[in-house]
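Please consult the sequence and the model as displayed below.

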Amino acid sequence: MGNDIEHQKAISRARRTKQRARDRAIQIEHAIANIDKGIGLSSAKLLAILFNTTEKTIFCWSADDRHDFPRQVKLSSNMSRWENKKVKAYRDKLMEGNRYV
């Protein structure tokens with residue numbers, strides 16, 4: 001009987017984990033749709049997913065004057081975001097030139 005309870009708990013945990021993963025994927029899809037529309041702000045974490053790189057690389061691109069990547073907007077001492085309209089323009093420019101980051 002104890003094994004049945006543990007087994008049910010494990011199944012329940014697995015279902016919750018899958019649901020959280022699905023919810024996160026939907027959140028990412030919506031955030032990327034906002035970039036495509038050019039509305040709102042995005043985090044380095046989301047941009048790293050979008051450009052298939054790391055958060056550190058996003059910050060480096062943003063700080064590098066030789067790179068066309070948009071500059072970050074500091075919302076507080078430890079929070080930065082990027083304007084989606086500028087990210088969209090940058091991404092469109094990359095796609096137009098058919099070059100990769």
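Is Met-79 buried, partly exposed or exposed? Met-79 counts as partly exposed because its relative accessibility is 35%; buried means under 20% relative accessible area, exposed over 50%, and partly exposed in between, with a 1.4 Å probe and protein chains only.

## Basis of the description

The model is predicted: local features need pLDDT of at least 70, side-chain atom pairs count only at pLDDT 80 or more, and totals for chains, interfaces and linings use all residues. Residues are numbered from 1 along each chain as its sequence is written, and side-chain values use heavy atoms, with hydrogens and water left out.

## Sheet organisation

Three strands form an open sheet in the order β1-β3-β2, with antiparallel pairing. β1 and β2 stand at the edges, each with a single partner strand, so one side of each has no neighbour in the sheet. Strands are DSSP runs (E, at least two residues) numbered from the N terminus, and two of them pair if DSSP finds at least two bridges between them.

The hairpin formed by β2 and β3 has 2 residues between the strands. β1 and β3 also pair antiparallel, over 2 bridges.

Met-79 lies in β3, which comprises residues 79-83. The covered face of this strand carries Ser-80 and Trp-82, whereas Met-79, Arg-81 and Glu-83 are on the uncovered face.

Together with Leu-41 and Leu-75, Met-79 forms a nonpolar surface patch with about 260 Å² of accessible area. Patches are made of residues with over 30% relative accessible area and no salt bridge, with like charges joined within 9 Å and nonpolar side chains (Val, Leu, Ile, Met, Phe, Trp, Tyr) within 5 Å. A salt bridge is a side-chain nitrogen of Lys or Arg within 4 Å of a carboxyl oxygen of Asp or Glu. Areas come from the Shrake-Rupley method with a 1.4 Å probe, and for residues only the protein chains shown count as cover.

## Surroundings of Ser-42

Ser-42 belongs to strand β1, residues 41-42, and counts as buried because its relative accessibility is 2%. In β3, Trp-82 is the bridge partner of Ser-42.

Leaving aside residues up to four places away in sequence, Ser-42 touches Ile-35, Leu-47, Arg-81, Trp-82 and Asn-84 (contact means heavy atoms within 4.5 Å). The side chains of Ser-42 and Asn-84 are joined by a polar contact of 2.5 Å. A polar contact is a pair of N or O atoms within 3.5 Å; within protein, one must be able to donate a hydrogen and the other to accept it, and residues adjacent in sequence count only if both atoms are side-chain atoms.

Notes:
Helix = DSSP H or I, 4+ residues; strand = E, 2+ residues; numbered from the N terminus.
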